[in-house]
Amino acid sequence: MSSLGTRHFRRWPIWIAVIGIILSAQIVWTQRTAGPPAGPSVTWRLPADEASGDFIGSDGCRSCHNAEFVQFGKTSHAHLESDSRSVMSCESCHGPGKKHADAMAAAGGDEAKTAAAMKLIFAFKGNAKENSDRCLSCHVTGKTQDRFQHSAHAAANVSCSSCHSSHLVKAVRDESRGGAPSPQTLFFQVPERAVDRQWMDGSLLKSSQPELCYTCHATVRSQFALPTHHRVPEGLMTCSDCHSPHGSANAASLVKTSTETCVRCHTEKRGPFVYEHPASKIDGCVICHSPHGSANRMLLVRREGRQLCLQCHLGFNGLVQEPHTKLGFQTSGECTRCHVAVHGSNFDVTLLR
């Protein structure tokens, strides 16, 4: 073989390696890991016509509530139009304002008259149902909002305005209810965006997730502080990726059943398998894993894997016969040393492979 041919022959492994790297990069680029679900569809309808003499229009409200007027103008609410009407106004949510405005002008600073005038407008200071009904009068045809009145939040006297603000003038934080940000949030956060931009991009929530959810769910905050946890405090996930704040027919207001919620991201555990692990099909992933956080590896509810398995398998017929005579399984260490396919197998009924 000539020296020229030898040089080309020696370069073949290099070219093969280069082609392999290019193909691998293309595969990685085209692959997409399962991400959080898309937000719910929000459809709406405007309330009754505001053309009567009891309405004064948003300009009449602006003279006293300029800050709210400016903030409301930034939202999509201010730009919604119907077939026969102009955009939404303050009175679309608060009701007719003429009597209120006239009474405030006539009060002349008198506290008693001012208090009486405040009662002539709906100020979202009623009970949770009254406040939510104002929002649901428009958001009545959404895929998730229609379940809100039967949700755990509604039962706990939480209204739409408890979490959302149609005109965020200022953010009020109650430090007595755990307002301090978590260490993970402080460590992983990038420079915070302007509050207005975060509010408008985040479904008009008063603060970002999970800090907003932590104001009530303080126990969950402590679970996310454990060594092994889903990356919610770091901002890589949000509470609403798994839970529906407006309610659902599933346990813990999950967006899907327990197992289906998990396997949307953990796709390698989805199956279907020829031989299923019954625990995952009956009780779901939470029978073995703590979804928010754990002091154990892989979010396990027990430190030792074999003790976790024995919660269900103690006294099972297979344990009183070979190879598990008289608790002899303990000499083999963890159950997963043999039963490696704990989530399901296509080859072995005992999940050995």
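Trainee: Which helix holds His100?

Mentor: His100 sits in helix H5, residues 98-107. Keep in mind that this is a predicted model.

Trainee: Is His100 buried or exposed?

Mentor: Compare relative accessibility with the cut-off: buried means under 20%. His100 has 11%, so His100 counts as buried.

Trainee: What is His100 in contact with, leaving aside neighbours within four places in sequence?

Mentor: His65, Ala117, Met118, Leu120 and Ile121.

Trainee: Now helix H7. Which of its residues are buried?

Mentor: H7 spans residues 128-136, and its buried residues are Ala128, Asn131, Ser132 and Leu136. They lie on the same side of H7, because they cover an arc of only 135° around the axis. Helix H9 (160-163) is included in what covers them.

Trainee: What caps the N-terminal end of H7?

Mentor: Look for a side-chain oxygen and a backbone nitrogen. Here the cap is Asn127, with a side-chain oxygen 3.2 Å from the backbone nitrogen of Lys129.

Trainee: What is phi of Asn157, and of Ser203?

Mentor: Asn157 has phi near 65°, positive though the residue is not glycine. Asn157 lies in the loop between helix H8 (152-155) and H9. At 54% relative accessibility, Asn157 counts as exposed. Ser203, also not a glycine, has a positive phi near 60°. Ser203 is in the loop between H11 and H12, and counts as exposed at 54%.

Notes: Residues are numbered from 1 along each chain as its sequence is written. This is a predicted model: local features need pLDDT of at least 70, side-chain atom pairs count only at pLDDT 80 or more; totals for chains, interfaces and linings use all residues. Side-chain values use heavy atoms; hydrogens and water are left out. Buried means under 20% relative accessible area, exposed over 50%, partly exposed in between (1.4 Å probe, protein chains only). Helices (H or I, at least four residues) and strands (E, at least two) are DSSP runs, numbered from the N terminus. The arc is that of the directions from the helix axis to the C-beta atoms. Contact means heavy atoms within 4.5 Å. A polar contact is a pair of N or O atoms within 3.5 Å; within protein, one must be able to donate a hydrogen and the other to accept it, and residues adjacent in sequence count only if both atoms are side-chain atoms.
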